[in-house]
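The entries follow in the order in which I looked things up.

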Amino acid sequence: MAFLEIKDLKVHFPIKGGIFGRTVDHIKAVDGVSLAVEKGMTYGLVGESGSGKTTTGRAVLGLNKVTDGKIIYNGRDITSLRGSKLDYRKDIQMIFQDPYSSLNPKKRVLDIVSEPLKNYEKLSRQEIKKRVQELLELVGLSPESIVKYPHQFSGGQRQRIGVARAIALKPKIIIADEPVSALDVSVQAQVLNFMQDIQSELDLTYIFISHDLGVIKHMCDHIGIMYRGRYVEEGTTEAIFNDPQHIYTKRLVAAIPDINPRNREKQLHFRQEVETEYEQSYNDYFDEDGLAFQLQTISDKHSVALPERS
Amino acid sequence: MEVNNMEMEAKTQESSQSPSGLIILWREIVRDKLALVSLIFLVLITTFVYGIALFLDQSEIIKVDLFAIHEPPSKEFWLGTDYGGRDVFGQLIIGTRNSLSIGILVTLMTGVIAIVFGLVAGYFGGAVDNILMRILDFFMVLPFLMIVIVFVSIVPKYSILSFSLIMTAFLWMGKARLFRAKALQESELDYVQAARTLGTPSIKIMFTHVFPNIYSIIIVAMTLALANNIGLESGLSFLGFGFPESTPSLGTLMSYARNPQTLEYRWWIWLPAAILILLIMLSIRNVGEALKRATDARQRRG
C-alpha cells in the first residue's frame, strides 16, 4: 500500500447561471486523477496553467471540496474529514506558490512560523522561540529574523520562511505548489537544493507541482503529466524524459531549451518533427472534446493515455 | 565586514518601524495641518465638555425659572436663558456631552456588530454569506425614521442607552457590507489558506489574521460614521423625535430656532449650538478624510 494514494479524484466547480443561480454546468478542474506516492519519494505534477495540478494538491489538504474519488493517507481515508478528525493535517503541509501573499504582512516571522506549533504543540513561550530559531537556522535565515516582518525579506527569503512554517510540525508529506516559480532564477536553485537537503534530513515526501520541466527533472523520481484535468502520461522521470509516448509529453519535452549551441540544429529539427506529428495525429491522442483518454499501462514504470486500440 | 553588518542592522531597525497601520494613520494626520488642528480641537472640546459636565447639575439646569425668561447673555447666565428661563450655557455643555456620548456609543455598537457580521460573511462566503446578506438586506429596507418615531411614542422615558440601541439597530448595515467586502478580498489570499492548513481554527483566523489586515479601513469607516451619527442624533432631536427637553441635546437647542422671534432676536439660544455642531462634524470629517487617504497609498501625503 502506498503512503499517499489518490483514487479517481474528481474536483468539479459548478457554473451558476440563469435567474435563480442554478447550476448550469461544471468546470472539471480535476477529472479522474489517480496516483500513488511512496514514502521518501518526490512526485512531480506537471501541466500547463489550468490543468488542475494545483487543485489536486489543494484537494489533498482539504482546501478544495472533493466531488468524487478517494484520498488515502497511510491507509486512512481522509477525503472529506471535518472537525477533530483533521489531525492528519499535521502530517501534510503545503508550500505556497506566492511567497508574497502567503505570509500575513501584519505578523512577525516569530508569529508566522510559530503558528502551527501553537496549534498542535503545547510549548512555553521560551520553547516556541527556541524552536522557531532552530527552524530559521535550518532554512538558512539568521535567528535574529524572528522580530522582522515579511516585507523586510526578499522573495527567496520569504519562500524560506514559508518552508520553515511548513516543516515546523515535522510533517510526513509536503505539497509544494510551484515553490520556485515566483522566484528569481538565481534563487530558484538555492531553494530547490535546500528542499532536497531537508528531504533527506527529515525523511520527507514531496508532491512537487510545477510547470517547469527543468525543475521537475532535477527534483522528481516520478512524474505525472496533466492536461485539462486528466493525466496524459505517468511514469518514472527517466521513462518520461527518455521515452515520451504521448504527443503532449513529446511537445513538452521538445520545448525544453538546450544550452549547447552545437545541438541547435538538431533541436530545431526534433521540434519540427514533433510539431508535424502533432498536427497529423492529433485525433489519435485526444477524444472529440479535446480531452485525454484513460491511462494504459505500457510498462510497470510507465502509463500513457491512449485510445483502447492497442 | 563588521561595519557592513552594523549598517545592515541599522537599516533593518529603521524599516522595522514602518509597517504598523496606526503609525501610517498618525503620520497622515500630522502631515495634513487641517486634520491635525481638527483633531486637537476635538480632543479639547471633548475633555472640556466631559470635564465641565461633571460640575454641572442637570436637574438644576433644566429647572424652569419664570423670572428669568429669555435673558440675554450676562454674568449670571453666560449664554442667556431660553423660554423656560433655563441656562443655555449649561444646556449647551450637557447637550454636547449627550450628543457626543450617543454618537460614540452608536458608532462603537454598530462597529462591533458590523465587524462580526462582515468578518463571518466575508470569511466563510458561500451559503453563510448569502444568508447573512439577505438578513442585512431586510434591515436595509426597513424605514428607519418611521420606526424611530414609533419607538419614541411607545417608550415613555428613554435614556441615552436605549436611544443608542434603537439607532444601532438600523445603522450597522452599511459598514457591515464594507467590512464584508474587505474580508472577502482578504480571505482569498494565500496566508488565510495557509493558516487553515496549519490547523488554525476559523474564529482565530478571522480575528488574528483577517481583522488586523482590514482594521485601518474599519477605523476610517468608524470615524466617518461618528460624524454622521452625531448629525443624525441632532437632526432627530431637532425634529422632536430625539430626547425630550428635560434631557438637553444640541438638536433640541437648535429646534428653538423654529420660533421666528427666537431666530431673529435671541441668537444666544441657538447660534452656539449650531456653530458647535458644525465645528464638531467638520472636524471629525477632516480627521476621517485624512485617515481615508492614509489607507490608500496612492493618495497619501505623508
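**Entry 1: a helix and its cover**

I looked up what covers the buried residues of α8(B), and the cover includes α5 (88-124), α7 (144-154), α9 (173-187) and α11 (202-239) of chain B. For this I took contact as heavy atoms within 4.5 Å, and buried as under 20% relative accessible area, exposed as over 50% and partly exposed as in between, with a 1.4 Å probe and protein chains only. The buried residues of α8(B) are B:F163, B:S164, B:I166, B:M167, B:T168 and B:F170. Helix α8 (residues 160-171) of chain B has 12 residues and reaches 16 Å from its first C-alpha to its last, close to the 16 Å expected at 1.5 Å a residue, where the expected span is 1.5 Å times one less than the number of residues.

I noted that this is a predicted model, in which local features need pLDDT of at least 70 and side-chain atom pairs count only at pLDDT 80 or more, while totals for chains, interfaces and linings use all residues. Residues are numbered from 1 along each chain as its sequence is written, chains are lettered from A and ligands numbered from 1 in the order in which they are written, and side-chain values use heavy atoms, with hydrogens and water left out.

**Entry 2: chain B as a whole**

For chain B I found 14 helices and zero strands, taking helices (H or I, at least four residues) and strands (E, at least two) as DSSP runs numbered from the N terminus. The C-alpha trace of chain B spans about 85 × 55 × 30 Å along its principal axes, and buried residues make up 45% of its 302 residues. Of the contacts in chain B with a separation of 6 or more, 72% join residues 24 or more positions apart.

A:F3 lies in the segment before β1 (4-17) of chain A and A:Y73 in strand β4 (residues 68-73), 70 residues apart. A:F3 is buried at 8% relative accessible area, and A:Y73 is buried at 5%.

B:Y83 is partly exposed at 42% relative accessibility, whereas B:Y256 is buried at 7%.
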